[in-house]
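Please look over the sequence and the structure before reading on.

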Amino acid sequence: MRASPSLPTTLLAALLGGLLALCGLPLGWSFLSFLPLAALLAFAASGATARNVAGRAFWAGTAYSAVHLWWLTAFLGKLFGFPPAGVLAFALFALEGAFLAGMAWLVGRFLHSKGARVWGLAGGWVVLEWLRFLGPPAFPWPTLGYTLLPTPAIQIADLGGVLLGSVLIAATAAALACFVGTVRRRGEGWGRRRPLLLIAAAWALACVYGLTRTAGSGPETPMLLLRTTIDSFDRASRRLTAQEQFELQAGLTRINRRPNEVVVWSESSVGDPALLPTVPAEGIYGVSQMEPRRNSVRAWDGGSVTSETDKARPVPFGEYFPFRQALAPAWSLIERTIGVSLESVPPARVLNTLQLNGVQYGAYVCYDSVFPWVTRVLVGKGAEILVNVSNDGWYDGWGVQQHFMMGRVRAIETRRYIVRSVNYGIAAEINDLGQPVQTLEAGQGVLHARPLRLTGQTLFVRLGDWPALGLAALMVVFAGLIDRRYRRQL
């Protein structure tokens with residue numbers, strides 16, 4: 001029977017994971033994330049057995065998730081009306097750590113040299129991030145590529161999406177870890193200097209590419225964006241009626257709207273579809289519907305709904321409840337506790353652009369903004385302006401900032417302007433370089449946006465994540481070559 005990891009080893013793994021999280025959004029030094037990641041990869045790769053490698057990855061991944069997503073504890077405490085219930089978030093943190101541990105076990109099982117394991121873990125990390133974008137319970141929040149946002153290098157997202165940024169960060173960490181390993185352990189030969197030189201060249205090219213990107217040009221579209229401060233829990237529990245919400249938003253619109261502006265209201269701003277005939281004409285509205293359950297965005301021209309689309313990815317445990325039938329008694333107890341019905345919202349079967357006055361809008365709802373494929377599909381179908389209607393009133397702190405900053409990368413990937421109308425959160429106009437043109441972060445009010453209608457398709461829109469996945473696969477292949485040479489030298 002193998003001995004369990006020593007306490008210092010466990011604590012060191014957790015410390016490295018926490019340090020990696022402290023080099024994440026919304027912190028300004030997030031681009032330094034490759035430094036703690038390099039230490040984490042080297043430490044995990046040094047495990048004596050596959051089980052040791054997996055154990056170190058588990059504690060690092062759990063701590064990484066806990067620090068990066070600490071705001072979830074406050075959300076759960078508010079949701080259940082009992083602050084200590086926030087500890088339930090640690091089940092999610094441990095699950096994220098378990099996914100990383102499973103990948104690390106495979107690396108430790110099939111690769112034996114430390115250098116090979118470092119590169120295998122780096123490539124596997126990117127593949128694991130890609131897998132987090134898939135399936136109903138998908139949760140791709142902690143993605144490494146976003147840490148490039150403070151640098152010009154983030155502009156490479158139009159070539160391979162945010163995952164291409166993850167490749168750059170992971171490869172940098174692996175090259176650095178192996179270089180340090182070469183210097184400190186010359187006799188073992190588990191590191192190489194050449195990859196570090198190639199990575200330095202890649203950084204230089206990425207920064208030059210980013211610095212030479214220029215904003216697009218096109219006709220302006222005047223739009224009115226709202227920021228409201230409606231309590232999300234009162235809305236969900238129906239303590240605040242749909243009519244009361246409607247009157248508040250209609251009043252803001254009536255007072256502030258300028259001629260020819262297209263109105264945009266936030267997610268679920270119309271709590272009863274029967275109110276649609278009374279909304280201001282020429283607008284895009286988030287609509288919540290109970291029977292049947294729907295969370296949608298609809299374009300209204302003053303006489304009819306010209307087009308509509310549903311939310312692509314309902315939030316796990318917020319709108320999508322796994323094993324709802326199998327665990328019916330447990331879910332019923334939760335419903336009685338919080339006073340809210342927990343019925344899953346079905347995801348969109350097909351994503352559609354919204355047509356209004358000859359303009360094609362790519363509208364998507366709240367959590368959809370962290371899924372690059374959503375905006376990719378919409379732009380592929382002809383969207384000229386992206387519209388994100390959101391409700392960030394469920395959580396506070398880093399969660400709000402992270403959501404906004406990750407959403408900025410969708411503008412870079414697709415080279416489209418994004419406008420955000422929100423309940424709480426950050427209302428904004430973002431240009432096609434991912435730069436905020438104007439924002440409203442507090443209080444109740446409006447923004448008068450003038451986004452440009454843009455056309456054309458980026459390489460990412462055409463190819464998706466395949467360039468990034470191909471490079472991640474190359475890291476794994478390189479790991480295999482290192483391990484093969486290592487075995488020959490034994």
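Which residues line the second largest cavity? They are Gly61, Tyr64, Ser65, Glu96, Leu100, Trp125, Arg132 and Pro142. The model is a predicted one, in which local features need pLDDT of at least 70 and side-chain atom pairs count only at pLDDT 80 or more, while totals for chains, interfaces and linings use all residues. Residues are numbered from 1 along each chain as its sequence is written, and side-chain values use heavy atoms, with hydrogens and water left out.

**Cavities**

Rolling a probe the size of a water molecule over the atoms shows where empty space is left. A cavity here is a set of points, on a 1 Å grid over the protein atoms alone, where a 1.4 Å probe fits but cannot get out; its lining residues have an atom within 4 Å of a point. The volume is the space filled by probe spheres set on the points, which are joined across faces, edges and corners. Over the whole structure, three cavities of 30 Å³ or more are found. The table sets out two of them, with residues classed as nonpolar (Ala, Val, Leu, Ile, Met, Phe, Trp, Tyr, Cys and Pro), charged (Asp, Glu, Lys and Arg) or polar (the others, Gly among them).

| Cavity | Volume | Lining by class |
|---|---|---|
| Largest | About 90 Å³ | nine nonpolar, six polar, no charged |

The largest cavity is lined by 15 residues, and Gly24, Leu25, His68, Thr143 and Thr147 are the closest to its centre. Helices α3 (50-68) and α13 (398-414) each supply at least two residues of this lining; helices are DSSP runs (H or I, at least four residues), numbered from the N terminus. Helix α3 also gives the most to the lining of the second largest cavity, with three residues.

**Nonpolar cores**

A nonpolar core is a set of buried Ala, Val, Leu, Ile, Met, Phe, Trp, Tyr and Cys residues joined through side-chain atoms within 4.5 Å. Buried means under 20% relative accessible area, exposed over 50%, and partly exposed in between (1.4 Å probe, protein chains only). The largest core has 100 residues, and Trp119 and Trp141 have the most contacts inside it. Helix α7 (residues 157-184) gives the most to this core, with 14 residues. Apart from this core lies another, of 23 residues, among them Ile284, Ala299, Tyr361 and Val389.

**An exposed residue**

Leucine 211 belongs to helix α8 (residues 194-211). Leucine 211 counts as exposed because its relative accessibility is 64%.

Note on methods:
On a 1 Å grid over the protein atoms alone, a cavity is a set of points where a 1.4 Å probe fits but cannot get out, and a pocket is an open set with protein on both sides within 12 Å along at least five of seven lines; lining residues have an atom within 4 Å of a point.
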